[in-house]
Amino acid sequence: MDDLGVAVVIEDDADVRNLLEGVLTQAGFEVHTAVDGRAGVEVVRSKQANVVTLDIGLPDIDGFEVLRRIRNFSNAYVVMLTGRTEEPDLLSALNTGADDYIAKPFRPRELRARVAAMMRRPRHEITGEAPARLGQSPVPDTHGESGVLRHNGLLLNHRTRTVEVKGEPLGLTRSEFDLLHVLLKGGGAVCTRADLVRAVRGDFYERDTYISEADERAVEVHVGNLRRKLKEDQLSPRWLQTVRGVGYRLAPRRPDDA
């Protein structure tokens, strides 16, 4: 298999560490390991990792602090691994910059599938900055070949992976961008939580792939972060509308908005 780059495994449990090393080596990565957080940060830095698997419960500093330190210098894909799936842990992991979150015990095939899905996505955070401002030239309306989608003052350019709200850049993570893109493309159709999990995971996730409660909670976290960044009015949402018990949809178009 082709060399996919460097993977770093930060895990204090020897059995889990060896399993992860084997899975990622078979997937085509050059794999390095660390048994605690501080050492893991330095390995990620020195080896210029493309992918990191990170245990939350490490012996020196916890995985959240390790992730914060990694994000100061690296945009590597980071998968958090933990035996805890409570919402506060999901929030902390995703808000700190994790790309994915897998509960232990995990299936090696699932880990490999998620890493493969992540690798299909651009390896940079969505900062809202583009080589040229989107508003500097005429842009076609929704569903044009340019990759631009507009709705109620929001403009998303899929090719440059940038988002603007009334001309102002909006900083989004990879997952937030992908969720927003799917909802905009839906044009008002309801997207279930499972649909949005697949949007985050990538095309590798087929319709019959098992979607866990932790997966769906992670989507809720992403949507909550999107709403916060968009400064949505919960009583009268401009972009993201909840469909109780099902998922989310794009809010109706407002005639007074561009």
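Residues are numbered from 1 along each chain as its sequence is written, and side-chain values use heavy atoms, with hydrogens and water left out. Because the model is predicted, local features need pLDDT of at least 70 and side-chain atom pairs count only at pLDDT 80 or more, while totals for chains, interfaces and linings use all residues.

**View 1. Arg114 in helix H5.** Arg114 belongs to helix H5, which covers residues 108-119; helices are DSSP runs (H or I) of at least four residues, strands are runs (E) of at least two, and both are numbered from the N terminus. With a relative accessible area of 2%, Arg114 is buried, a word that applies under 20%, whereas exposed applies over 50% and partly exposed in between (1.4 Å probe, protein chains only). The side chains of Arg114 and Glu110 are joined by a polar contact of 2.8 Å, that is, a pair of N or O atoms within 3.5 Å, of which, within protein, one must be able to donate a hydrogen and the other to accept it, and residues adjacent in sequence count only if both atoms are side-chain atoms.

**View 2. Gly187 in a loop.** Gly187 sits in the loop between helix H6 (174-186) and strand S10 (191-192), and it counts as exposed because its relative accessibility is 59%. Although Gly187 and Leu250 are 63 residues apart along the chain, their C-alpha atoms are separated by 6.4 Å.

**View 3. Helices H1 and H5.** The axes of helix H1 (residues 14-27) and H5 come within 10 Å and cross at roughly 50°; axes are lines fitted to C-alpha atoms, for helices over the stretch in contact, and angles run from 0 to 180 degrees between N-to-C directions.
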